[in-house]
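Subject: Structure handover

Hello,

Here is the structure I said I would pass on. My notes come after it.

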Amino acid sequence: MLSQLKAVWNWLPVILRAIILGFVLLEFGSIVTFLPLLGNLKFHPEIPWAFPITLVVLAGYGAYFSGWGPPAATREARKRLARASLPSARIWCVAIPAMAFGIIALIALRLLLPSLLPVSAPSIPISFSSLPLPSIIGALVSIAIIASVTEELAFRGYMQKPMEDAYGIVPAVLIVGVMFWAAHLDHGITVTHLPFQMSASIALGLLAYLTRSLVPAMIAHGAGDLLLVPAYFFREPEFVWRALSAHPIWEGVASTFPERVQIVCGAMSPKHIFASAPFQIFAILAWVFLLSTMLTVFAFVHLVRTTRPKIGHKDNDLPITAA
């Protein structure tokens with residue numbers, strides 16, 4: 001029976017095996033790592049006891065799927081799929097600017113998007129409003145770390161790495177980007193969220209590919225989530241929530257696409273940045289996004305030049321069929 005299942009698995013194309021592996025890893029990781037936090041909400045929520053336990057569970061989860069533990073037959077495959085390595089100091093020096101500017105650009109895009117497209121405001125079913133401050137901080141940090149570890153291992157590791165080897169980096173990041181968006185559909189995400197989800201996934205995928213490690217992507221993912229989750233749960237800071245819950249600036253004013261483009265371009269005028277006008281926040285976000293995106297591109301180009309000898313290098317690891 002086991003040999004038959006293995007034969008069927010090997011018969012599947014790489015794209016299907018990679019997607020299945022990624023989603024299985026994501027579901028398992030999400031369930032296991034969220035259990036302490038859910039338990040903390042029911043038992044002694046006044047004490048943030050779930051935070052240290054969550055870190056221990058995540059450490060075990062990450063270590064196992066990065067190559068630690070039995071069986072020995074899959075150890076090398078797990079290590080390869082998880083990109084279980086740390087960048088050198090030289091790579092860190094050029095990766096950190098790409099991470100920093102990328103986080104700014106992606107957050108600006110997330111806040112800007114509702115003013116461009118009909119994007120629904122975040123709706124979180126869990127309430128932390130009755131918890132004391134230490135428990136709230138512990139819960140928010142736990143959520144950000146859980147997402148960064150489980151999603152990077154699943155998407156930029158087990159899903160993207162096999163497709164990189166089989167199809168190349170461009171098809172890999174595009175396919176994973178769509179899967180990353182699809183995985184969030186149960187969180188109120190719709191097709192209008194696709195530009196943000198795709199942009200974030202592509203940036204994180206390139207970061208993992210160029211550094212040959214998931215650690216920079218995990219750090220960038222966690223930092224971005226930490227900056228947004230307070231607004232998701234508590235609608236604070238107020239200007240962030242206003243941006244997240246905004247309506248398209250062309251709504252009720254323009255009906256055709258050229259008219260909408262004209263309104264958007266006019267609202268981006270630098271004069272709105274310094275005037276107390278309806279378009280002030282939009283103009284600020286638009287220019288922050290444009291400038292940080294340019295800096296992100298320059299930083300990634302520098303990262304490509306630094307890591308160029310390693311790009312396209314084939315790891316001498318086990319194929320995906322061994323996982």
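This is a predicted model: local features need pLDDT of at least 70, side-chain atom pairs count only at pLDDT 80 or more; totals for chains, interfaces and linings use all residues.

Helix 8 spans residues 194-211, which makes 18 residues. From its first C-alpha to its last it reaches 25 Å, close to the 26 Å expected at 1.5 Å a residue. Buried residues in helix 8 include F196, Q197, M198, A200, S201 and L204, and the stretch from L207 through A208, Y209 and L210 to T211 is buried as well. The partners for the buried residues of helix 8 are helix 5 (89-112), helix 6 (133-167), helix 7 (169-183), helix 9 (215-234) and helix 12 (280-307). Just after helix 8 comes R212, with a positive phi of about 55°.

Next, a residue in helix 6: V149. V149 counts as buried because its relative accessibility is 13%, and the cut-off for buried is under 20%. Apart from neighbours within four places in sequence, V149 has contacts with L58, Y61 and M218. V149 and M218 are 69 residues apart along the chain, yet their C-alpha atoms are separated by 5.9 Å.

Last, the helix pair. Helix 2 (residues 14-42) packs with helix 7 at an angle of about 35°, and the axes are 12 Å apart. The crossing is right-handed. On the helix 2 side the contact involves I15, I19, F23 and L26, and on the helix 7 side I175, M179 and A183. The residues of this contact comprise seven nonpolar, no polar and no charged.

Regards

How values were computed:
Residues are numbered from 1 along each chain as its sequence is written. Side-chain values use heavy atoms; hydrogens and water are left out. Helices (H or I, at least four residues) and strands (E, at least two) are DSSP runs, numbered from the N terminus. The expected span of a helix is 1.5 Å times one less than its number of residues. Buried means under 20% relative accessible area, exposed over 50%, partly exposed in between (1.4 Å probe, protein chains only). Contact means heavy atoms within 4.5 Å. Axes are lines fitted to C-alpha atoms, for helices over the stretch in contact, and angles run from 0 to 180 degrees between N-to-C directions. A crossing is left-handed if the near helix is turned anticlockwise from the far one by less than a right angle, and right-handed if clockwise. Ala, Val, Leu, Ile, Met, Phe, Trp, Tyr, Cys and Pro count as nonpolar, Asp, Glu, Lys and Arg as charged, and the others, Gly among them, as polar.
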